[in-house]
Amino acid sequence: MKLKSYYFIFAAATIMFGCSSEGVDNPEGQNNIGTPDENGMVYVEFTAGAQGKLTKGNVSSRTQLGDNGTSVLWSPNDAISVFHAYLGNIGADSNYPNYKFTRKDDNTLSVSATFGGYLFSNEGNSYHCLGMYPYNEDAIMSHGGDGAAYNIQTFLNGTQYFPAGGGYDPAACLSFADLDFAATGNKDKVFKLGVGMIGFNFSKSQNLGERKLKSIMVGLDNNQTHSLGGKLAVGVSDNQTDFSPTFNGMTNIIGVIPDEDISGKTYYLCVAPIPNNLTLNISFILDNNYAFTKTLNVSDLKDEEGKNVSEIKKAKYYTISGISLDQAKFEKPAIEELGTAEKFYNWYVSLKDNVFLGSVKITDDIDLTGYSFTAYPFNGSFDGGGHTISNFEVTPSQIPGTDYYGGGLFSRISAGVVKNLNLDNLTINDLGEEVVSKVYLGSIAGSSVNGARIENCRLSNIKINGRNNNDNISHRVGGVVGVSDRLTMIGCRVVSLDVSQMNTIESAGGLVGEFNAKNTLIGNYVSGNVVSHGANFGGILGNAIYSGNTIISCYSNLAVNTAEKNRGTIYGLNGNNPNNITVVESYYNGYEIPNWNNLLNPELKITNDQLKAKMNDMNKAIEDAGGTYKYVLNTDGIDNGAPLVFGTSTSN
């Protein structure tokens, strides 16, 4: 597999305008601007991509390498942001509409693809737009006023997911184009890549034994200030011929390896352009968190012609060839032992400027009364040792490389594990008057990515606060995690959960606010009281956006006053796809939820006596899923009187 250069030809073989209902592939009035619909919107459809070979200076669309290693294909469900500058210069500090254009053809892997969407009617005149791949609903385009350039703002994420077999994460492959649609005639559309790519080419000989490579992290050497990702601003000149990206907020990029043999494969990380003579630290991380770090100068990389380079430019790729890893060179992560409030505080605040890949072990109970924290990300192993951290007060912060804020013990956990921890009396503060759009909140983490694991944690007296006076903020709130992707949570319990009334909750759940993909909850329960004002509430989960999620032997014993819409015993919404969640032996035995007649899965609401009768079946499901936790009857009135609690675990 060999990549050449990276700018993207959009050959608009067909451009169609018309008025039609949503989802109609071939609206009437093709090739002409039809009468606007009742909302003043006109349908536009065009074909993208005409060639399928990666050749120097001529790369067609788009997101996935073909089996032959030379075709670049559009993937199913690809989408594009189209910013419609239909009003011309709308003035400083104003934003243009961001419309989603989706595939309208057979939606298979293909060299070319047809995209369609709606634009605001411009009375039959030309439709001047700017395009961005991939679609991002939170991206904005503004204009600085007379004579100023357009400016698109989006994010290059700090965590990228490599596809199976090698290649790059389509979500990180940010590219931009002039889409100046005309009422008649066609014009090629050129998407130009706004990032560079670093390719890691692994030889066919790897000496990792039974271990597997889990991720690759690229960071800057100490005392160098340059962003590799984060907030991305793309200035666009008035004639639309130049796309000039600038980045801010992230000095480390992590690429997640799929569960496969890396031998003979090449994985590409998308990064910001890097100037002359900077030094990179490249860490290879195994599935046991052992790491091997290699220091390289940018000049050690090769360009597409095999020549050494002095800088990384946008729309270019660079390769480190013939990488062969030896398990013996990987070092065990350092273990940081923390047993006092002062040590914990000093370690925690150091997370602000460092990606921590080591291990933490709590050696004694820690009372943090009098300390206040700003939430930071965590990437390593955190072992509570069965001890209790109490009186933890924290304020959310923005996750580097993202457009959201996270709050909890950590703002985000990535790739690591949090286990054997008791957390008592945790308070997550609201953000006051700070201008934000998305906030993810959970006692352990605001968000969880990159296959993290949470196990055997007892969380009690959890108070989660959010702003209640701003309709522009979207909260995702969970008793343990706000938003999760590829999370495994097993053997955890939440007691006395108090979620304050927020008028902008997007998703709320007793354990997790919102699933992305491939999350698994096994043997967890939540008991307490929740006041949740918003949408998408479930006793366990608020909403599941994508597929591959499983809830096994979990139950909710909450007293709830909750959402106006999308309420559920286990989950409030499944992304309108019943295949997004599989529920096994999981139940709700809390109090009545308002508007009970509109509840999703009401058959999963059972009484305490019925739940106790289900105990053996629930334990069998845990065992079948590989868990070692076991429910027993609660005869001591602990955990807020939860009917079932955990017996002895062999997993600690």
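1. **Ground rules.** This is a predicted model, in which local features need pLDDT of at least 70 and side-chain atom pairs count only at pLDDT 80 or more, while totals for chains, interfaces and linings use all residues. Residues are numbered from 1 along each chain as its sequence is written, and side-chain values use heavy atoms, with hydrogens and water left out.

2. **Confidence.** pLDDT is the predictor's confidence in each residue, from 0 to 100. The protein chain has a mean pLDDT of 78. Of its residues, 75% reach 70 or more. Residues 1-33 have pLDDT below 50. Beyond near neighbours in sequence, that stretch still has 138 contacts in the model (contact: heavy atoms within 4.5 Å). Residues 648-652 also stay under 50. For them the model has ten contacts beyond four places in sequence.

3. **Secondary structure.** The protein chain comes to three helices and 60 strands. These are DSSP runs, numbered from the N terminus: helices are H or I with at least four residues, strands are E with at least two. Among the elements, strand β1 (residues 7-10) has the lowest mean pLDDT, 27. Strand β30 (residues 366-367) has the highest, 98.

4. **Packing and surface.** The protein chain has 652 residues, and 56% of them are buried. Buried means under 20% relative accessible area, exposed over 50%, and partly exposed in between (1.4 Å probe, protein chains only). Take the contacts with a separation of 6 or more: 73% join residues 24 or more positions apart. The chain exposes about 25,500 Å², with 43% supplied by carbon and sulfur atoms. Accessible areas come from the Shrake-Rupley method with a 1.4 Å probe; for residues, only the protein chains shown count as cover.

5. **Cysteines.** A disulfide is counted when a pair of cysteine sulfur atoms lies within 2.5 Å. The count is zero. C270 is in no disulfide; the nearest cysteine sulfur, that of C173, is 5.2 Å away. C270 counts as buried because its relative accessibility is 0%. C554 is in no disulfide either, and the nearest cysteine sulfur, that of C492, is 9.5 Å away. C554 is also at 0% relative accessibility, so it counts as buried.

6. **I216.** Which strand holds I216? I216 lies in strand β20 (residues 213-220). I216 counts as buried because its relative accessibility is 0%. Leaving out residues up to four places away in sequence, I216 touches several residues, among them F162, F200, F202, L269 and F284. F292 is 76 residues from I216 along the chain, and their C-alpha atoms are separated by 9.8 Å.
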